[in-house]
Amino acid sequence: MIERTFDNRTIKELEKLVLLQGETAGQFERRIYKDPNGGTLWLLMQIQKQKIYLLYHMSEELNCITLLQDNTNSAGTMAFAHLTWLMPGVFLKYDNLTFHGVLLEHENRGIIISAASGTGKTTHARLWRDLKNALIINGDRALCKNMDGKWRGYGMPWSGTSGEQMNRNIPITALVILKQSKTNHTEILKGLDAFAAVMKNLQYPRWNAGLAGTALDLVNEFLSDIPIIKLYCRPDDEAVDVLNTALESLEHEV
């Protein structure tokens, strides 16, 4: 449930609370505070102006998000877009994993292209779209759930700045980690290497011990079922063919 109400707390008042997590994102800072009345407060602040742009309250049960302040003058569009920051914890409550990555569909294969921002995952995904007629189900987030023993990827209405999203779902074939390189080649990650690569690109509330534990359990389950491929690549057509060959090889092994 999502509600809206009014709250006039200032940044100075919020800073008196227990800080659970803080991170910068360009000219903005995101902070999560423990609400002494229960639940958590999620602050989006403009750093230079020390101004509250958005303030949400999340109930302790993760079943109600309340928009307390919206000073963006965006008619609610920024407030909706930034729900992508809150939702991974809600999804975890229902055993869903959220990866920072592009979710592709190609010939009934779901492919997650994951990497840090600026590495080239959007470029690579669009090469798949242009060269292989792949569908981009989501250009920034991959939502996954094990349904009846099969991991599936789902579309959702939050896709970062890509603006690319579809209301579809697809069986997951592989999760691909991109790394820029002068040559195009692949490596299958196993064990701790696979675990570290996946956790690095997983969206989850690290400050919440219960949900962090759920995330770890689900990731271990995910790794037992889904191959993790590291793609060393240039942003070119050959990189698509190299990855496609690796995916076809995995299918032949099954």
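The model is a predicted one, in which local features need pLDDT of at least 70 and side-chain atom pairs count only at pLDDT 80 or more, while totals for chains, interfaces and linings use all residues. Residues are numbered from 1 along each chain as its sequence is written, and side-chain values use heavy atoms, with hydrogens and water left out. Helices (H or I, at least four residues) and strands (E, at least two) are DSSP runs, numbered from the N terminus.

The axes of helix 5 (residues 191-200) and helix 6 come within 11 Å and cross at roughly 125°. Such axes are lines fitted to C-alpha atoms, for helices over the stretch in contact, and the angles run from 0 to 180 degrees between N-to-C directions. Helix 5 and helix 6 are therefore oblique to each other; angles under 35 degrees count as roughly parallel, over 145 as roughly antiparallel, 65 to 115 as roughly perpendicular and the rest as oblique. On the helix 5 side, Ala194, Phe195, Val198 and Met199 meet Leu216, Val219, Asn220 and Leu223 of helix 6, where contact means heavy atoms within 4.5 Å. This contact has 7 nonpolar residues, 1 polar and no charged ones. Ala, Val, Leu, Ile, Met, Phe, Trp, Tyr, Cys and Pro count as nonpolar, Asp, Glu, Lys and Arg as charged, and the others, Gly among them, as polar.

Helix 6 (residues 209-225) also meets helix 3 (residues 83-93), their axes coming within 10 Å and crossing at roughly 70°. Helix 3 and helix 6 are therefore roughly perpendicular to each other. Here the contact is made by Gly89, Leu92 and Lys93 of helix 3 with Leu211, Thr214, Ala215 and Leu218 of helix 6.

Two loops each hold an asparagine with positive phi. Asn108, between strand 7 (96-106) and strand 8 (109-114), has a phi of about 65° although it is not a glycine. Asn108 counts as exposed because its relative accessibility is 55%; buried means under 20% relative accessible area, exposed over 50%, and partly exposed in between (1.4 Å probe, protein chains only). Asn133, between helix 4 (121-132) and strand 9 (135-138), has a phi near 60°.

Gln21 is found in strand 2 (residues 18-25). The C-alpha atoms of Gln21 and Arg206 are separated by 8.2 Å, although these residues are 185 residues apart along the chain.
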